[in-house]
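Please keep the sequence and the structure in view while reading.

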Amino acid sequence: MKKIVYNGIVVNEGRHFQGYVVIADTLIQEVGEGAPSQQLLDECCEKYDVDGALILPGAIDDHVHFREPGMTHKADIASESRAAAAGGVTSVMDMPNCKPTTVTISDLEAKFAKAAEVSVVNFSAYIGATNTNIDEIKKVDFSKVCGIKAFLGSSTGGMLLSDNEATRRIFSDFGTIVAIHSEDEDIINANRTNLLAQMGGDDLPLGYHSRVRSAEACYESTHRAVDLARECGTRLHVLHITTAKELALFDSAPLAEKRITAEACVAHLLFTEADGAQLGARIKCNPSVKTPADREALRKALTTGVIDVVATDHAPHLLSEKEGGCLKAASGMPMVQFSLVAMLELAHQGVVSPELVVEKMCHAPALLYRVNQRGYLRPGYKADIAVVKSLPEGHTITDADVVSRCGWTPLRGFTVHHQVAMTMVNGEIAYADGEVRDEVRGERLTFNR
């Protein structure tokens, strides 16, 4: 059965043009410029006139925490995949720091089985690295698993990879990506101890978070990881870069030529530590948001090719868990629903172009992870499509807009000039007219490795 999405502005592979996309079953059949012929329209059983909206590839988010198993009181695969669909995100890669942690093949397969039952969007998951599971990692079929996740700094879930020899073995070439959370634990602990000694008590003001999880903690860890990756030939992907200093460790070569790559998260491209005065723990995350100069450097690195991918680190908590100071409020924020429109708001402001947004959120994740048949509007590729309409008057986001189970967003009060109107997953409408189609199911991602 043929479908057509037409009368829109196609943004794809560095270009934008008035055009249309023809879909046959789950696949894109044609991407055309101009208006479709009447004959083509007559051939299509379902027609979607998008009235000048942007027609984009669905975004691929390589960094989400959907909290299942073990933390489903605040989120699960079903609820957060719905949020992704509402945000034009059609494929996600889930992190292993749930309860129990995803550190065995049986853990992975249980998560994939659950996703097959409930996920509205396409799904993959990382196997987590520990000090003792190297033999299990050797057995993983990485044509069906997105990669290895290693925590070189502690965060939610307590999966710190602390043994130097184990880290070296994880950095061996498994024919896949090793994605890392990179913060120096010794520096963080020393910062915490020193500040508590000065301030007294058992907590610190929220504004001290970027002093505990400092720029130096990020740089020292990332510097060591990059050096080790070069020595070992690792396909290393450094997640959520936050500092200008770290950017000097990466280069601007074409993505296809790189073995060491960098991700920026939407929160670190939007916020600075100064925003904490108004937003408080809503923007508390690990690594912390940093200075305005760091944010500016990250934005520039998008345009120069030093930052390869934009993701979310979508990490929902209940607002009750975000109470307390620097050491007690939970770190992490929900972002997957509004990531695409937030980045398009930066395009609206002239910080980046819509073409660059599509490159960093759609094309680059597909290329970096070697995702089969996704991330581009191309004949023969899966019909994962986001239709995004312009809002000339703007829309101010509220907590009432939130689909995630956690029920809040750090973007409350943030005005955007785009809105996701429709999301297609494998040719099926997963979201339209403000409603998620809960009967739609994504597919397990596969990788050309």
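The radius of gyration is taken over C-alpha atoms, and the globule rule is 2.2 Å times the number of residues to the power 0.38. For the 449 residues of the protein chain, a compact globule would have a radius of gyration near 22 Å, and the value of 21 Å agrees with this. Along the principal axes, the C-alpha atoms fill a box of roughly 75 × 50 × 40 Å.

This is a predicted model, in which local features need pLDDT of at least 70, side-chain atom pairs count only at pLDDT 80 or more, and totals for chains, interfaces and linings use all residues. Residues are numbered from 1 along each chain as its sequence is written, and side-chain values use heavy atoms, with hydrogens and water left out.

The protein chain contains 14 helices and 18 strands; these are DSSP runs numbered from the N terminus, helices being H or I of at least four residues and strands E of at least two. Of its 449 residues, 59% are buried, where buried means under 20% relative accessible area (1.4 Å probe, protein chains only). Of the contacts (heavy atoms within 4.5 Å) between residues at least 6 apart in sequence, 74% join residues at least 24 apart.

The structure holds zero disulfides, a disulfide being a pair of cysteine sulfur atoms within 2.5 Å. The sulfur of C265 has its closest cysteine sulfur in C285, 8.0 Å away, which is too far for a bond. C326 is likewise in no disulfide, its nearest cysteine sulfur, that of C285, being 12 Å away. C265 counts as buried at 1% relative accessibility, and C326 is buried with a relative accessible area of 3%.

Key
Buried means under 20% relative accessible area, exposed over 50%, partly exposed in between (1.4 Å probe, protein chains only).
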